[in-house]
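Please look over the model shown here before reading my notes. The points below are numbered so that you can follow them one at a time.

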Amino acid sequence: MSLSTLDPKTALIVIDLQQGVAVLPTAHPVPIVVTHAARLADAFRARGLPVVLVNVAGFAPGRNEQPRRSAPQDPNWSTLLSELGAQAGDHLVTKRSWGAFTGTDLEDYLRRWGVTQVVLCGIATSIGVESTARQAHELGFNVALAVDAMTDVSGEAHTNSVQRIFPRLGETATTRELLDLLRASAKRTPA
């Protein structure tokens with residue numbers, strides 16, 4: 001992997017780890033993805049760094065060639081997974097499009113915190129994660145992607161994003177590599 005450093009003000013953004021998405025058939029086991037995301041969230045919280053939990057509760061308007069799914073019938077469809085251990089200090093973002101910046105307060109929140117880098121994980125790699133990574137890159141944030149804390153409904157789409165798209169948007173790393181960088185930066189930062 002290629003992650004070189006974590007900025008002093010880095011935020012974790014967890015995309016769509018929610019009840020309605022977690023039941024979809026995916027290329028990688030969802031429980032492993034969720035475990036990695038939860039470990040990252042715990043580590044970011046322990047360092048006093050922002051954790052953003054994103055859920056999706058609808059669809060962007062507009063036509064496309066694929067049939068539009070009907071609105072979720074399950075009232076818990078958008079409920080974040082309890083394994084993430086959501087805390088009162090976490091920032092919650094509900095989106096209605098693929099990217100977490102469109103139509104939300106996410107950019108304002110990150111700017112208020114002085115965030116210069118974001119770490120992304122979640123489902124789906126080629127949709128919510130990639131769209132948010134593209135938006136973050138376009139907005140001038142340094143982007144890091146926790147590739148073992150994400151998956152997709154398509155293995156080919158996941159691989160395409162990780163191998164072809166993400167290196168153009170930022171740097172990739174595993175959860176372990178990110179946790180090691182967080183620990184190393186804690187040792188360098190005076191208390």
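1. Start with Trp-113. Its relative accessibility is 34%, so Trp-113 counts as partly exposed. The scale is this: buried means under 20% relative accessible area, exposed means over 50%, and partly exposed is in between, with a 1.4 Å probe and protein chains only. Tyr-109 is buried, with a relative accessible area of 7%. Both residues sit in helix H3, four residues apart, which means about one helical turn separates them. An α-helix has 3.6 residues a turn, so residues three or four places apart point the same way.

2. A word on the source. This is a predicted model: local features need pLDDT of at least 70, side-chain atom pairs count only at pLDDT 80 or more, and totals for chains, interfaces and linings use all residues. Residues are numbered from 1 along each chain as its sequence is written, and side-chain values use heavy atoms, with hydrogens and water left out.

3. How many aromatic pairs does the structure hold? It holds two. Rings of Phe, Tyr and Trp (its six-membered ring) pair if their centres lie within 6.5 Å; planes under 30 degrees apart count as stacked, over 60 as edge-to-face and the rest as tilted. The rings of Phe-101 and Phe-141 have centres 6.1 Å apart and planes at 25°, so this pair is stacked. The pair links distant parts of the chain, 40 residues apart. Phe-101 is in the loop between strand S3 (91-95) and helix H3 (106-113), and Phe-141 is in the loop between helix H4 (125-138) and strand S5 (142-151). Helices (H or I, at least four residues) and strands (E, at least two) are DSSP runs, numbered from the N terminus. Phe-101 counts as buried at 9% relative accessibility, and Phe-141 counts as buried at 3%. The rings of Tyr-109 and Trp-113 have centres 6.3 Å apart and planes at 55°, so that pair is tilted.

4. Next, helix H3. Its buried residues are Leu-106, Tyr-109 and Leu-110. They cover an arc of only 95° around the axis, so they lie on the same side of H3. The arc is that of the directions from the helix axis to the C-beta atoms. The cover over these buried residues includes S1, strand S2 (51-56), S3 and S4. Just after H3, Gly-114 takes a positive phi of about 75°.

5. His-91 is found in strand S3. His-91 is buried, with a relative accessible area of 13%. Leaving aside neighbours within four places in sequence, His-91 is in contact (heavy atoms within 4.5 Å) with Val-51, Val-52, Leu-53, Asp-105 and Tyr-109.

6. Check the backbone too. Most residues other than glycine have a negative phi, and most peptide bonds are trans. Asp-16 has a positive phi of about 55° although it is not a glycine. Asp-16 lies in the loop between strand S1 (10-15) and helix H1 (19-22), and is buried, with a relative accessible area of 6%. The peptide bond from Ile-123 to Ala-124 is cis, with omega near 5°. Ala-124 lies in the loop between strand S4 (117-123) and H4.
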